[in-house]
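Please study the structure shown here and work through the exercises below.

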Amino acid sequence: MTAAVPEPVDVLVIGGGACGALVALHLLDQDGVRVALAEPRHAPARGAAYSTPRAEHVLNVNAARMSAFDGVPDDFVAWLRTQPESAGLEDAALAAQFAPRRVYGRYLQARLDAHPARASLALHAEAVVDLERDGAGFIATCASGARLHARAVVLATGNLPAALPGGAPVSGVVEAWDYEAVAAIAPDADVGIVGAGLSMVDVLLTLQANGHRGGVLAISRNGLMPLAHAPGTVAQAGGVDALMPLGVRARLRMLRQWAADAVAQGRPWQDAVDRLRPHVRALWQAWPEPERRRFLRHAVRQWDIHRHRIAPGVAAIVYDMAATGQFSLQAGRLSRIEARDGRVAIDWTPRGGAPITTVVDVVVNATGMEKRLARAPGRLLPALHARGLVAPGPLDLGLATCGDGEVLDSNGEVVPGIWTLGATRVGDLWETVAMPELRGQAERVAVGVRQALSGR
């Protein structure tokens, strides 16, 4: 029997992580707007990043840059001053700290709960698995079969986990974003990690915090891991106009020169990378498709490790684990993972070497975020793709979008009433997962929804 559809709301936000919470906050600023937030986690505003309960998992940006609102740049620091763990800290130390991510999740939830119009927000602790048109609005189906009716929908699905190569489940494999499972790894276990990005760093931090004694081998295609922030980094003066007409190789040469100039002036190379920070969208969109593909083939990993940096204290822990021989990062290609005699065998080929097999007790999937719609996990995005309501974005990355987050269908037409933001816009915007981008996108999506609802 079909479940009854309750009283419709104005806006259904699907996904209650940072993106969804921020959109909801801005929607609540609009008088009389009824908002529903669908999120299966126990608390909103956490998402994959901020749901970690582990104190060692800290932000990758200092507190001074982590306000949830463009218009109130010191909001996070101001909130931190009210928290017990900040007692006795000077303002400068508070702004410079890399706060635990669980604290940041608490901040977002506190801002949501304290909104004067909080009563206009309905929370649904369920995953939405399908969405279909219904007249001028939409009906969303939840995993339980419950149905929600909304005039407009915002897809705030956040970062979706990528599968291991091969895709078939294997006993002895845990997900890096399954924080409890990683924390439960036995201290004497030999651990293999697939991937070398920020998720790998999280795993190493938890192992170290738990007094891990076993060996840890990480394997990635490039054998490169995120670099550290430098204290006192200030974006290098100057714009990026000179980069705009250049291709990948020429841009890299110029960026290296800017970094060398910074070092020659006694400044960290990080200043040169931060010079690009406000202009990444324009730089990405200035490239024709062949140059974007060249970047993805040859330069994307170099960009990632220089741009998405880790806290100095975090880097020190990882470097110490490597220096003692407990942790090793190797470049290579994975061919197979299989359970073998109660352990896990990893078949892989080191760069420049012959195929080998490494046997460990546990494998951790730290391959990070799935960017391709065709491989999207879960039920919702595949269902929307099958209905033609969404389509792959440029270079098959994310979803096809336009403007401030309007979703394009399989015919390349705007789907009236559906917006998205965050990781789903990677193909159009490239840099779209950090708070400076997310907070601006959330505000603009809320404005677009309000205008659509009012007929303007």
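The model is predicted: local features need pLDDT of at least 70 and side-chain atom pairs count only at pLDDT 80 or more, while totals for chains, interfaces and linings use all residues. Residues are numbered from 1 along each chain as its sequence is written, and side-chain values use heavy atoms, with hydrogens and water left out.

**Exercise 1.** Determine what span helix α13 should have, and which of its residues are buried.

*Solution.* Helices (H or I, at least four residues) and strands (E, at least two) are DSSP runs numbered from the N terminus. The expected span is 1.5 Å times one less than the number of residues. Next, Val-314, Ala-315, Val-318 and Met-321 are the buried residues of α13, where buried means under 20% relative accessible area with a 1.4 Å probe, protein chains only. Their arc around the axis is only 125 degrees, which puts them on the same side of α13; the arc is taken from the directions from the helix axis to the C-beta atoms. Finally, their cover includes α7 (198–209) and β10 (327–340), contact meaning heavy atoms within 4.5 Å.

**Exercise 2.** Identify which strands pair with β2, and in what sense.

*Solution.* Two strands pair if DSSP finds at least two bridges between them. Strand β1 (residues 9–14) is parallel to β2, with four bridges, and Leu-12 stands opposite Ala-36. Strand β3 (residues 121–124) also runs parallel to β2, joined by four bridges; here Ala-38 faces His-124. In a regular strand the side chains alternate between the two faces of the sheet. In β2 (residues 35–38), Val-35 and Leu-37 lie on one side and Ala-36 and Ala-38 on the other, and all are buried.

**Exercise 3.** State the strand order of the seven-stranded sheet, and locate Asn-365.

*Solution.* The open sheet runs β7-β13-β8-β9-β10-β11-β12, with mixed pairing. Strands β7 (173–175) and β12 (356–360) are at the edges with a single partner each, so one side of each has no neighbour in the sheet. Within the sheet, β10 and β11 (residues 343–350) run antiparallel with eight bridges, and Arg-340 stands opposite Arg-343. Asn-365 belongs to strand β13 (residues 362–365). Asn-365 is buried, at a relative accessible area of 3%. Its contacts, not counting residues up to four places away in sequence, include Ala-162, Val-174 and Val-194.

Note on methods. Buried means under 20% relative accessible area, exposed over 50%, partly exposed in between (1.4 Å probe, protein chains only).
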